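Please show the structure, and then go through it by question and answer.

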Amino acid sequence: AAQIIGLTPNFPAKIYPISLAQYSGITIKSRAFLASVSESPEFEFRCTSCAAGCCGGQGFVLNRVNGQGQMFINASGTILQKTLADGEVLLADGNSVVAFEKTVGYDVRRVGGCLMCCCGGEGLTNTVLRGPGTVIIQSMPFEKMAR
């Protein structure tokens with residue numbers, strides 16, 4: 001007989017499926033992993049630069065997932081998946097980045113000066129994702145909902 005299991009994120013979020021066969025080696029945001037149908041997804045840790053670790057919204061250690069099968073992550077608000085062309089750049093709020101392929105470059109860029117940081121409402125940096133590869137971003141990260 002078929003067995004059924006129910007899973008839910010621990011905060012108001014949507015569940016987003018990712019094919020590990022297609023996107024093996026994808027880097028995911030900390031606390032975004034929910035479940036995997038694969039028997040043995042492999043998790044690796046990838047260290048970022050000092051600037052990206054301090055200001056990128058992902059921390060110093062990024063989670064990379066390898067394997068086969070289906071993986072499920074959670075994200076909030078509108079979820080956008082975009083495939084970047086070679087050299088194409090996507091600027092995003094660091095907390096809004098949910099996942100990106102291993103071929104995508106990840107760094108941070110300063111937004112403006114002290115006045116922008118204090119009064120502009122956008123913080124000091126934005127995350128820079130440089131193609132080629134697929135990126136997944138969310139419009140309402142948990143960090144912003146908690147405020």
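This is a predicted model: local features need pLDDT of at least 70, side-chain atom pairs count only at pLDDT 80 or more; totals for chains, interfaces and linings use all residues.

Q: What does the secondary structure of the protein chain come to?
A: The protein chain has four helices and twelve strands.

Q: How many residues are in the protein chain, and what share of them is buried?
A: The protein chain has 147 residues, and 39% of them are buried. As for its surface, the protein chain exposes about 8,200 Å², of which carbon and sulfur atoms supply 56%.

Q: What share of the contacts links residues 24 or more positions apart?
A: Among contacts in the protein chain with a separation of 6 or more, 77% are between residues 24 or more positions apart.

Q: Where should I begin with a sheet, and what is the order of its strands?
A: A general idea comes before the case. In a regular strand the side chains alternate between the two faces of the sheet. Here, an open sheet of three strands has the order β8-β11-β10, and its pairing is antiparallel. The edge strands are β8 and β10, each of which pairs on one side only. On average, neighbouring strands of this sheet are turned by 30° against each other, with direction ignored.

Q: How many bridges hold each pairing with β11?
A: Strand β8, residues 89-92, pairs with strand β11, residues 125-130, over four bridges in the antiparallel sense. Within this pairing, L91 stands opposite V128 in β11. Strand β10, residues 105-110, is joined to β11 by six bridges, again antiparallel. On that side, R109 stands opposite N126 in β11.

Q: How is a pair of aromatic rings described, and how many aromatic pairs are there?
A: A pair of aromatic rings is described by the distance of the centres and the angle of the planes. In this structure the count comes to two aromatic pairs. In one of them, the ring centres of F33 and F43 are 5.1 Å apart and the planes stand at 90°, so the pair is edge-to-face.

Q: Which parts does the pair of F33 and F43 tie together?
A: F33 lies in strand β3 and F43 in strand β4, so the pair ties together parts that are ten residues apart in sequence. F33 counts as partly exposed because its relative accessibility is 31%, a value between the cut-offs of 20% and 50%. F43 also counts as partly exposed, at 40% relative accessibility.

Q: Is the aromatic pair of F100 and Y106 stacked or edge-to-face?
A: The pair of F100 and Y106 is stacked, with 5.3 Å from centre to centre and 10° between the planes. F100 counts as buried at 1% relative accessibility, and Y106 is buried with a relative accessible area of 11%.

Q: Where is S38 found, and is S38 buried or exposed?
A: S38 is found in the loop between β3 (33-36) and β4 (42-47). S38 is buried, because its relative accessible area is 14% and buried means under 20%.

Q: Which residues is S38 in contact with, leaving aside its neighbours within four places in sequence?
A: With those neighbours left aside, S38 is in contact with Q68, G69 and Q70. S38 and L20 are 18 residues apart in sequence, and their C-alpha atoms are 8.5 Å apart in space.

Terms used. Residues are numbered from 1 along each chain as its sequence is written. Side-chain values use heavy atoms; hydrogens and water are left out. Helices (H or I, at least four residues) and strands (E, at least two) are DSSP runs, numbered from the N terminus. Buried means under 20% relative accessible area, exposed over 50%, partly exposed in between (1.4 Å probe, protein chains only). Contact means heavy atoms within 4.5 Å. Accessible areas come from the Shrake-Rupley method with a 1.4 Å probe; for residues, only the protein chains shown count as cover. Two strands pair if DSSP finds at least two bridges between them. Rings of Phe, Tyr and Trp (its six-membered ring) pair if their centres lie within 6.5 Å; planes under 30 degrees apart count as stacked, over 60 as edge-to-face and the rest as tilted. Axes are lines fitted to C-alpha atoms, for helices over the stretch in contact, and angles run from 0 to 180 degrees between N-to-C directions.
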